[in-house]
Amino acid sequence: MPRTHLVLDSAFTVGPVRRRLFGGFVEHLGRHVYDGIHEPAHESADEHGFRKDVIELVKELGVTTIRYPGGNFVSGYKWEDGVGPVEQRPRRLDLAWHSTETNEVGLHEFQQWLDSVGSELMLAVNLGTRGAAEAIELLEYANIPGGTARSEERKANGREEPFGITMWCLGNEMDGPWQLGHKNAEDYGKLAAMTAKAMRQIQPDLELVACGSSGASMPTFGEWERTVLEHAYEDVDYISAHAYYEEDQDLTSFLASGANMDHFIKTVTTAADHVQAHKGSDKRIDISFDEWNVWSITKWEAQQKTFTLDEWPVAPRLLEDVYTVADAVVLGGLLISLLRHADRVASASIAQLVNVIGPIMTEPGGEAWRQTTFFPFSVTSRLAHGTSLNVVASGDTIDGGKHGTVPVVDSAATVEDGHAAVFLVNRHQSESTTVTIDLSGLDVDGDVHAEGIWDDDLHAVNDLSNTSRVGLRTNESVRREGDTITIELPPVSWTALSIG
Ligand code: AHR
């Protein structure tokens with residue numbers, strides 16, 4: 001049986017776990033907003049048309065900051081279409097997802113929903129078909145108390161107080177040829193700098209995110225970040241990172257996805273630090289990992305088809321991945337990678353939340369339920385508090401396919417006020433593995449409890465036919481003797497320990 005030994009010590013720290021690490025993402029895409037979070041005819045709808053059963057699940061998931069309204073969608077979006085009397089709002093073509101956008105939900109309604117779920121808004125501006133002028137009008141509308149055309153318009157639209165939005169994304173995936181208004185790094189870097197400067201002339205303390213690469217496999221990866229930041233370094237606070245992982249008939253590589261995320265984070269921070277050195281700047285740029293998840297992107301690409309001129313559905317079923325146990329284990333591993341880099345990842349958004357590659361699914365007029373991936377996210381968000389520890393690990397390694405040799409067990413840990421949490425993934429496909437944890441460097445007394453996700457059927461799912469086939473299980477093998485914890489992890493499993 002493979003073995004792993006972990007040493008936790010309060011002197012070995014990565015950095016504080018910022019709550020924004022557990023953010024989410026809602027895009028106007030498919031059945032995410034319409035027939036997802038918003039379904040006025042549903043029996044659980046509140047007075048604004050938002051499903052209360054979904055609100056409860058989003059709260060339970062524990063998402064903090066939520067990025068909105070896209071994604072690819074934002075690169076063709078006119079924010080003005082989504083404010084004012086709902087019955088007068090235009091229906092528009094959404095070119096990104098070949099759909100009709102009804103604009104029934106816009107900034108005001110979405111903020112109402114966020115108030116119900118208790119999350120912070122992270123707003124993206126359109127730098128695809130639009131530019132700095134429209135971005136500053138939106139900022140004026142959202143954040144200026146009153147006395148100007150746009151701020152008075154907001155009041156007339158029913159919102160007396162400003163929205164007070166702090167975190168803003170300067171466009172979305174502008175490196176991607178699929179993006180409306182796709183630009184090269186030079187052009188985007190200049191536009192991001194100009195937009196950021198203009199926005200700061202209204203409100204200097206905004207937190208601004210420049211677009212990084214839309215994936216580590218982009219041909220411009222690394223060089224894109226360097227060039228954009230050469231132009232925008234002093235004007236922005238964060239550079240974005242996006243990464244999606246899929247099994248695609250290669251479980252070995254899939255289970256090692258966290259190692260790829262580690263490498264991604266290292267490359268982006270290296271590019272940012274290179275520019276910092278080059279500019280002799282005191283400022284450090286951290287990462288907003290504002291799209292990450294498991295997504296069967298190969299299957300999605302294969303389904304692409306040519307549309308006719310009259311085919312613009314409202315809220316079609318798009319990107320409705322049904323997640324497996326293996327997907328949940330990998331997602332737990334990606335959270336381990338984010339925690340391990342809590343010093344440089346300031347914020348992260350699971351992409352996305354409901355129906356569209358989401359941990360939550362709904363049926364129109366029917367149930368809302370938790371996908372397998374819901375569990376590692378909700379437990380990690382609930383338990384990971386305080387300081388992320390630099391876990392000193394020794395033990396067996398395993399083939400991680402295209403990601404090289406990786407530890408059999410991946411791990412992260414946090415500690416706060418006499419409580420610790422340890423997150424573990426066993427990547428071995430056929431063998432259980434024993435983990436021992438030395439706690440002598442931590443001031444944490446009390447019992448240990450272990451819960452997680454594993455199953456004899458790695459491809460078991462929760463779907464309409466059985467919405468609770470997969471759920472959290474208690475690992476009864478965990479023992480604490482003095483300062484040593486011992487646990488046996490089943491093959492292909494994700495586990496969280498709560499200590500103290
Ligand atoms: O999350 C789905 C899509 O993936 C987003 O719209 C886009 O930003 C990314 O390519």
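## Salt bridges across the structure

A search of the whole structure finds 33 salt bridges, a salt bridge being a side-chain nitrogen of Lys or Arg within 4 Å of a carboxyl oxygen of Asp or Glu. One of them joins Arg 20 to Glu 120, with the closest N and O atoms 2.9 Å apart. This pair links distant parts of the chain, since Arg 20 sits in the loop between strand S2 (13–16) and strand S3 (24–25), while Glu 120 belongs to strand S7 (residues 120–125), 100 residues apart. Strands here are DSSP runs (E, at least two residues), numbered from the N terminus. Side chains of opposite charge can pair when their charged atoms come close.

The model is predicted, and local features need pLDDT of at least 70, side-chain atom pairs count only at pLDDT 80 or more, and totals for chains, interfaces and linings use all residues. Residues are numbered from 1 along each chain as its sequence is written, and side-chain values use heavy atoms, with hydrogens and water left out.

## Two domains and their interface

The domain assignment, whose bounds come from an automatic or database source, gives domain 1 (3–9 + 389–499) and domain 2 (18–383). Taken over C-alpha atoms, the centres of domain 1 and domain 2 are separated by 30 Å. Between the two, 38 residues of domain 1 are in contact with 34 residues of domain 2, where contact means heavy atoms within 4.5 Å. Together the domains bury about 3,000 Å², 70% of it on carbon and sulfur atoms; buried area is the accessible area (1.4 Å probe) that two parts lose on being put together, summed over both.

The count between domain 1 and domain 2 is 2 salt bridges, and the side chains of Arg 382 and Glu 451 meet in a salt bridge at 3.2 Å, N to O. On the side of domain 1 that touches domain 2, the elements giving two or more residues are strands S19 (409–416), S20 (419–426), S22 (448–453) and S26 (493–499), and S26 gives the most, with 5 residues.

## Around the ligand

The residues surrounding the ligand include Phe 25, Trp 97, Asn 172, Glu 173 and Tyr 244, a residue being near when one of its heavy atoms lies within 4 Å. An oxygen atom of the ligand is 2.6 Å from an N or O atom in the side chain of Glu 173, and a polar side-chain atom of Asn 172 lies 3.0 Å from a ligand oxygen atom. For Asn 72, a backbone N or O atom lies 2.9 Å from an oxygen atom of the ligand.

Terms used
Helices (H or I, at least four residues) and strands (E, at least two) are DSSP runs, numbered from the N terminus. A polar contact is a pair of N or O atoms within 3.5 Å; within protein, one must be able to donate a hydrogen and the other to accept it, and residues adjacent in sequence count only if both atoms are side-chain atoms.
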